[in-house]
Amino acid sequence: MHLHRVFQACLLLLVHTVVKVAGVNFTQCLNDIVKNADATQNLTGLLNGDGDPVSVASDATSISYSLCTSSCGTGQEPFQWSVFSQEFSAWLLPNLALISQLPFGAQYRIDNLMSAVLTVGSPALAGYSLFITLLNSRWINRRFKHSVDYPNSRFAVSILSSLQQVPLRLHPDRARLSSFIVLPENDSWWKCFADFVDYTHTWSIASATSIAWVVVAYILTVANSLSDVYANVQSNGEATGSMWLWLIPIVVGWLQLSPKCDFNRLQAAYDRADRHSTRTETKDVHMGMLPASSRRALAITAKEEDVTSPDELLTPPVFNYSRSLRWASTAETMFLVFKVASEKAHSHLPVSFGDEWVESDNIDDIDAKNRRGSPQDTVIYCTQADGAQRSHWAPGVFTRMAIASCAALALQWGTVGAALMVAWFTPTTVCLFFYSCYVELANVKQQMGCRCIGYLLYGVIATLIWMMLLISSILAHYSMIDSHRASLSARVALAFSHLLRWTGKLLAVINFFVVVLACTFQYSNFYDRCFCNSSVFTRGSAAYTVIIETTAQAAQAKASWIGALAMACTSASGFLILVYLLLDALPSY
């Protein structure tokens, strides 16, 4: 009986506390404070919209933070399910659904989940991986197009461009690579593999519908928001909608690039190419040639101990950041072998030393007899005359990395910055959003509040993740210079690479929940409390809450929303336009 009474007392206390927390009415609280001030003539804590003291109680539209907590309490405005569900379904749900249209294809589901978390956790990393993939394809295509005219070269550039989502490797035996490229017995393999990996992961009804849903929902909700800036503006998703706008160009960009990232499908294509390729005849083996089954110098899989970063083994294209340097080095090696073979063929030099050049019936073809020789002959044939040592870093790789970084950061901060713009020019009221970083504009003091910190934290962490993982890939590639990692610098670089990768992924998981919770708190009025509305973080003891906004403040808020809309749409469309303009130089055969 005693426990029952204690339970009843606790339940009543909990209900009273919830009602009190969820039932704060700041407008009514201000009215009560003004009535009390009229009666006592105590105007302490009563302020105007700019935070300055008033001489008449009825002129007060703001109150100090201390007066807010003492008179109104520390709770929030009431949670409104109808508002929350409407804002959640209009602003956040379409974007969460659009994540399903990202390219995945990993061997294990947990890796697909991690790719989605990385994409949302760092839009800069997602944009970087997309853009570096595009730039790498353009680069290798131009290298082959301008310098190589040799059998299978058009298949080779198509294969290289398609295999940026796998740990592309060349056999260390130089005879394997040179024989793989020049011997005519391998022609069927090049053609078959190029055909098998030339599948498309592009537009479908599901992807088009998802993108259209996000775009239409964004347009309709923005139009509704701008039509009445006073209605539910505290939980309005204008800023959150702009912040998520980066996802559209990422999804559309991958659909346009059509990355080959299905692990099982790529492995099957590789095996099918082996089965369909022509086997070397017995007489060729007697000449010292490598058997066809062992001549595959190009591998698309690797063991974990053979890579410096486990992310290289993961086929979802967001992990292309970890492969781009190694891929570029591999592609450059193949290009140089093709280039030397092409130059010698143009000089009418056959592979077999001492043989005469045999003219082909077709002036554009090279007779197969000119392409046969022993493994030693092929190595000599494909070796550069000057014998110069090739750099571990592919030419122009850092320029491409810089361009991709700029494009990715512009996309991320153009959309996240749009959310901050809404904050920058909107006063912190219980009916309006929040203040951003401290500025003074038109005598309106603006500061940083809870919502702004959530958006800013998301953008900063996302940038930090991109930076850490990019540096991690550079250090991992540097450690490969010493293949046995005997030097201290290589071991230290690899250790720091692992540390940065682990930390970056952990931050991505945290940032994923940061952005989802920031949006949820926004829609649920969680931020609508004295502490957040007063911008205590930066105002300190001078913090105050605006209860009733002026017409000028509302007009300023509406103008900021229009500016944020323009900024977010410009950055997203600009990224898409740039991708579209660069697509024309992708390899095809």
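## Helix packing and buried loop residues

Asparagine 152 lies in the loop between H6 and helix H7 (153–162). Helices (H or I, at least four residues) and strands (E, at least two) are DSSP runs, numbered from the N terminus. This is a predicted model, in which local features need pLDDT of at least 70 and side-chain atom pairs count only at pLDDT 80 or more, while totals for chains, interfaces and linings use all residues. Residues are numbered from 1 along each chain as its sequence is written, and side-chain values use heavy atoms, with hydrogens and water left out.

Most residues other than glycine have a negative phi. Asparagine 152, however, has a positive phi, near 75 degrees, and serine 258 also has a positive value, near 50 degrees. Serine 258 is found in the loop between helix H12 (247–257) and H13. Its C-alpha atom is 8.5 Å from that of proline 103, although serine 258 and proline 103 are 155 residues apart in sequence.

Threonine 308 occupies the loop between strand E4 (298–299) and helix H15 (320–346). Its side chain forms a polar contact of 3.3 Å with the side chain of glutamate 312. A polar contact is a pair of N or O atoms within 3.5 Å; within protein, one must be able to donate a hydrogen and the other to accept it, and residues adjacent in sequence count only if both atoms are side-chain atoms.

Buried means under 20% relative accessible area, exposed over 50%, and partly exposed in between (1.4 Å probe, protein chains only).

| Residue | Relative accessibility | Class |
|---|---|---|
| Asparagine 152 | 6% | buried |
| Serine 258 | 7% | buried |
| Threonine 308 | 3% | buried |

The axes of helix H5 (residues 109–121) and helix H6 (residues 123–147) come within 5 Å and cross at roughly 110 degrees. Axes are lines fitted to C-alpha atoms, for helices over the stretch in contact, and angles run from 0 to 180 degrees between N-to-C directions. H5 and H6 are therefore roughly perpendicular to each other; angles under 35 degrees count as roughly parallel, over 145 as roughly antiparallel, 65 to 115 as roughly perpendicular and the rest as oblique. Leu118, Thr119, Val120 and Gly121 of H5 make the contact with Pro123, Leu125 and Ala126 of H6, where contact means heavy atoms within 4.5 Å.

Helix H9 (residues 187–196) and helix H13 (residues 263–276) have axes that come within 8 Å and cross at roughly 150 degrees. H9 and H13 are therefore roughly antiparallel.
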